[in-house]
Amino acid sequence: MSVYDVLIIGAGPGGYVAAEEAARLGKKVAVVEKNSIGGTCLNVGCIPSKAYLQHGHWLLTMEEARRYGIESNLERIDFEKLVDRKNQVVASLQSGIHASFKSLGIEYIQGQAKFVKDRTFSVNGKEISGKDVILATGSYPFVPPIKGLEQVDYLTTDTFFDLRELPEKLVIIGGGVIAIELAFAMAPLGVAVTVIEVAPEILLTEEAEARHVIQKKLKKMGVMIYQGAQIKEVTANSVLLENEQVAFDHLLVATGRKPNLELAQDMGLALTDRNFVKVDQYYETSKEHVYAIGDLLESYMLAHVASAEGIKAVRAICRRAEEAVDPLGVPRSLYTSPEVASFGLSKDEAEKAGYDVQVQQLPFSYNGRAIAIGETEGYVKLISEKKYHLLLGAVIVGPNGTDLLQNLILLRQAEATLDQVLETVFAHPTTSELIQEVAKRLVQDD
């Protein structure tokens with residue numbers, strides 16, 4: 001039987017990053033993965049969806065260019081070639097992880113891990129064990145109980161990227177981040193997209209003003225949106241609502257994800273009331289020397305959170321324990337056009353926490369660079385406390401919103417203040433100047 005210092009089950013962004021950290025800290029490491037290296041994010045999530053969003057962005061840019069005198073004709077869309085490009089992007093990143101594993105001496109084992117006892121598992125008929133084990137088994141698409149759905153050849157986000165032909169009529173059940181990103185990816189390609197959301201509005205994880213910006217853009221792109229819908233039944237080619245029938249040739253169910261708990265349950269790990277793995281501040285489970293990270297936990301189901309948790313779990317194993325990932329420092333992103341990015345506390349949350357709150361915002365139509373590049377939809381909003389001008393949270397709806405937001409998170413992590421933003425020289429013209437303009441109003445209002 002092979003014994004490793006750190007045995008990691010799952011090679012997604014939590015597992016493979018944890019493996020690299022453990023190897024750098026001198027541990028003998030093995031990673032077991034039953035599907036493809038890179039996990040959901042690399043293979044059927046973050047990366048392929050961003051590749052498809054880029055295809056849609058190219059077409060939206062062509063349309064915008066025609067408005068201002070750059071005449072061009074779109075002859076056809078070779079969807080197979082776009083799929084091939086996506087596959088090349090994925091393959092390139094997979095190769096990068098394999099190369100990293102090889103250089104760090106990490107053993108990669110393709111196969112399904114089955115629990116034997118203690119910290120021992122069977123993979124491909126052979127037993128392996130870890131002095132410490134990290135579970136990074138990720139999640140799977142949640143499919144709600146809808147009448148008739150089991151009789152339909154529907155897609156989930158795990159199978160959507162296998163399509164080799166462009167849909168004509170795509171109906172998406174679900175109005176969360178993944179669903180809306182895929183609507184933005186498909187509509188510019190000429191697909192008739194319909195979004196059906198049973199909640200009162202799409203994107204309820206975002207603030208109301210941001211939701212309305214995205215709803216407006218979706219409608220401009222020709223996407224039909226049903227909110228607060230009552231789905232009565234699904235047939236072979238339509239979704240029956242209370243007062244309407246919505247036809248499709250492809251149906252995508254994108255209604256969230258659930259943690260892969262099979263291995264955790266086989267090991268007898270304690271779960272939370274909401275059916276996630278229970279861990280302490282160092283990501284150790286109810287069993288000593290067994291850790292859990294990523295989508296298994298009751299935290300943000302985001303790749304970068306899983307990676308950060310993986311690093312912290314490894315450092316705890318190596319007796320270099322750190323504080324757990326701070327949820328208030330986590331960037332949350334919607335890669336639409338415009339992007340929606342946020343972090344920290346909202347105004348209401350900050351007030352409930354006892355802060356004397358200030359809020360200011362400006363639209364991108366106030367910014368010279370945004371006007372020049374024709375991307376004036378959206379705004380920058382900053383939430384700070386009044387006495388010391390400490391940044392508590394932010395929302396950026398606009399071009400490259402996530403990249404701009406990262407600067408604000410660095411500001412918070414460094415315990416800097418908005419006064420230092422005012423003292424900084426910003427390049428002109430840049431969209432980042434809008435952050436300084438909003439900060440100026442907050443400081444001056446004090």
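I began with Asn-400 and its accessibility: partly exposed, at 46% relative accessible area. The model is predicted, and I read every value below with that in mind. I then looked up the backbone of Asn-400 and found phi near 55 degrees, a positive value in a residue other than glycine. Asn-400 sits in the loop that runs between E21 and helix H11 (401-413).

Next I went to His-389. Its phi is also positive, about 60 degrees, and the residue is not a glycine. I noted this because most residues other than glycine have a negative phi. I placed His-389 in the loop between strand E20 (379-385) and strand E21 (391-398).

Is His-389 buried or exposed? I found His-389 buried, because its relative accessible area is 7% and the cut-off for buried is under 20%. Asn-400, at 46%, is classed as partly exposed, because that class lies between the 20% and 50% limits.

Then I turned to peptide bonds.

Which residues does a cis bond with omega of about 10 degrees join? I found Ser-337 and Pro-338 there. Pro-338 belongs to the loop between strand E17 (332-334) and strand E18 (339-344).

I logged another cis bond, from His-428 to Pro-429. Omega there is near 0 degrees. Where does Pro-429 lie? I traced Pro-429 to the loop between helix H12 (418-423) and helix H13 (433-445).

Methods: Residues numbered from 1 in each chain as written. Predicted model: local features only at pLDDT ≥ 70, side-chain atom pairs only at ≥ 80, totals over all residues. Heavy atoms only, no water. Helix = DSSP H or I, 4+ residues; strand = E, 2+ residues; numbered from the N terminus. Buried < 20%, exposed > 50% of the residue type's maximum accessible area, 1.4 Å probe, protein only.
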